[in-house]
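Please take me through this structure, one piece at a time.

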Number of protein chains: 2
Amino acid sequence: MEGITIKQLAKQLNLSVSTVSKAFQDSYDINPQTRERVLALAKELNYEPNPYASSLRKQKSRTIAIILPEIANNFFALAIRGIESVAQEKGFHVLIYLTHEDHAKEMAFIQHLFHGRVDGVLMSLTDGNQAHSHIEQLQQKGLPIVFFDRIYENLPTVNVTTNDFESGYAATRHLAQQGCRRIAHLYLSKNLSIANRRKAGYLQALKDHGLPLDEELIIPCTDDPTHNYSLIGKLLQSPARPDGLFSSFEKLALLTYQACEALQLSIPRDLRIISFSNLETAPLLNPSLSTITQPAFEIGKKAASLLFTALEKGVQSLPSEDVVINSILDIRNSSGRF
Amino acid sequence: MEGITIKQLAKQLNLSVSTVSKAFQDSYDINPQTRERVLALAKELNYEPNPYASSLRKQKSRTIAIILPEIANNFFALAIRGIESVAQEKGFHVLIYLTHEDHAKEMAFIQHLFHGRVDGVLMSLTDGNQAHSHIEQLQQKGLPIVFFDRIYENLPTVNVTTNDFESGYAATRHLAQQGCRRIAHLYLSKNLSIANRRKAGYLQALKDHGLPLDEELIIPCTDDPTHNYSLIGKLLQSPARPDGLFSSFEKLALLTYQACEALQLSIPRDLRIISFSNLETAPLLNPSLSTITQPAFEIGKKAASLLFTALEKGVQSLPSEDVVINSILDIRNSSGRF
DNA sequence: TTTATTTACGTAATCGTTACCGAAAACGAT
DNA sequence: ATCGTTTTCGGTAACGATTACGTAAATAAA
């Protein structure tokens, strides 16, 4: 707190504070020699401008916020890494807010960020079907915001996602080609854009491969693992048990593994499985898990890049844009021959 | 940016700015009724005090920083979640800085945080054996800092760790009790306190169980997975191959799984494995991985709590303290009978 | 030489809040 | 009725930086 201020620096240099300040901005309005003199002493005294004074005056914080539902999840962790790497390069600071899938919290965070704490926001939604008036407020106020992964489908915003529909299609087609006739689908019942798109891909693939649509095989899961586990258990014990399963979310696939273990079902003999997942250990599971792997790091990086180009341009509201970065299909044993 | 200010609020209320300000601090120096009036209009106009102006004036930022080596790692992700939960409860903001095991970055971050951006720091080191003069500077300047997991061993700081020595001991003892005679140990060669303590536990357990110490079985690994993989490969192909392995870090155990797969070695028949790990999928691996599971969330939470109690007390430098939260030994198949 | 222009610095206002202090008004005690 | 206290509010000066503007000196142009 008792750090050195620009005033003391100026006094030691026999300069005015404004001249010293100009040395730090790259103002043309200063003699290069005196600038050097200032910077030299600043370094010696370990002076840095007070960030809050600077932010107040400049009305810029050099700070961005990430708002997301969860962090103990390899996809989001990697996305954060991508975002942070760009921010670090640009000399920006990164605030992080976790909603834990709580829409009220999400709203509260956003409401707060209105008031100038950050220059921009990166966000992955907790639920795409909630009121989004607060988002529109954000845009009106001129706070740039970029969505990644979990986005609003019907809002003219900047979005970075993976090719969810195509990936859902490809996953389902793969199971069909492996000979599955009754392919189940696990998704989150929350109104998530990505879940819907993946499901749409699944449905299209069923149709294209002449497989009948059975609503019993499409399971809307929730945030509650216990509940999900019982849903999956019910599915796997039903008279017309599926022989293939496409999971939209990693944790649902893992629950399925547990359920199969408990029910003495063999993967892939009794049930072939493929899932969206960024698990590093997918190849090491028993059996190794076939995955649709999202380019999480790249998604984060791209989202951050879009935000920063906007910030550098001084743009207030970003023109709507959809960037898609493709996922990779990693076929492993869980969907393989036996 | 063109947000409403306290001045406009005051004008609308026919009050002075100072009175309005008092309504937001819980100053006794204000009539409860006028306070209500102020708060009501503030809510209506969606006014919040400008955080940077407030921070500048109060010399408090209500912000903390987390500095850590990595995030795409379940331990750190969970720790962050613990920290964030406490911060959210206290109404603090959380800045995040990733060092990627780069000591220079670590220093740079800390240097910057000197200058009043945050009220406190939570930190997990990149390497415990580097110069720590910058840390001492921090403490002198009166910026509270709490270390978790990766700490400086010989600095009088506040540290939150798990019982690394005992856990290393217990893991090794477990392998010995399973009949292993040649127990290898993988650790990170960086000068990490936790690695040293775990290794010390390993050495003590060897001694207590009458097992000879073989330096060939103690492998110092690095940050480079490729290099580590070849080290592990060499170990497993050496004439006197180990029959047990205690890994200090999750990723080293996973590399060992891969190496065993490649070398056609069976776990646990040819090699019993146990590792420090917070992998959610440990039970689902092939075979399921015996782990020492650190209470990551609790460690983060405790570290944050310690920091906040200090902040609330207005303490400048925290009295040195070591808090230990025990890990749990989860015995699974990788170290089991076959 | 005179005038115009550039260069390099200083003065002072400003960003939006909060804290110190003084003072009017209201209240109670004598 | 007088005097002291409490309550409640306002004025003003910070907090530490940035920046529009003014200005003297130095340089160039006429």
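The paragraphs below go from the pair of chains to the DNA and then to the sheets.

This is a predicted model, in which local features need pLDDT of at least 70, side-chain atom pairs count only at pLDDT 80 or more, and totals for chains, interfaces and linings use all residues. Residues are numbered from 1 along each chain as its sequence is written, while chains are lettered from A and ligands numbered from 1 in the order in which they are written.

Start with the two protein chains. Two copies of a chain are related by a rotation about an axis and a shift along it.

Now look at where they touch. Chain B brings 38 residues to the contact, and chain A brings 38 residues. Two residues are in contact if their C-beta atoms, placed from the backbone, lie within 7 Å. On the chain B side, α4 (51-58), α5 (74-90), β2 (93-98) and α11 (250-263) each supply at least two residues. The most comes from α5(B), with 6 residues. Helices (H or I, at least four residues) and strands (E, at least two) are DSSP runs, numbered from the N terminus. By class, this side of chain B holds 21 nonpolar, 13 polar and 4 charged residues. Ala, Val, Leu, Ile, Met, Phe, Trp, Tyr, Cys and Pro count as nonpolar, Asp, Glu, Lys and Arg as charged, and the others, Gly among them, as polar. Of the interface residues of chain B, 100% are also interface residues in chain A, so the copies meet through the same surface.

In β2(B), 6 of its 6 residues are buried. Buried means that 20 or more other C-beta atoms lie within 10 Å of a residue's own; exposed means 12 or fewer, and partly exposed lies in between, with C-beta atoms placed from the backbone. In a regular strand the side chains alternate between the two faces of the sheet. B:His93, B:Leu95 and B:Tyr97 point one way from β2(B), and B:Val94, B:Ile96 and B:Leu98 point the other way. Strand β1 (residues 63-68) of chain B runs parallel to β2(B), joined by 6 bridges. In that pairing, B:Ala65 has B:Leu95 as its bridge partner. Strands pair if DSSP finds at least two bridges between them.

A residue is near a molecule or strand if its C-beta atom, placed from the backbone, lies within 6 Å of it. Two or more residues each come from α2 and α4 of chain A and from α1 (6-13), α2 and α4 of chain B. The largest share, 5 residues, comes from α4(B). The surface near DNA strand C divides into 10 nonpolar, 11 polar and 5 charged residues.

DNA strand D is surrounded by 27 residues, the closest being A:Thr5, A:Ser18, B:Ser18, B:Thr19 and B:Asn31. For this surface, α1 (6-13), α2 (17-24) and α4 (51-58) of chain A and α2 (17-24) and α4 of chain B each give at least two residues. The residues here are 10 nonpolar, 11 polar and 6 charged.

Strands β8 (residues 244-247) and β9 (residues 272-276) of chain B are parallel, over 4 bridges. There, B:Phe246 stands opposite B:Ile274.
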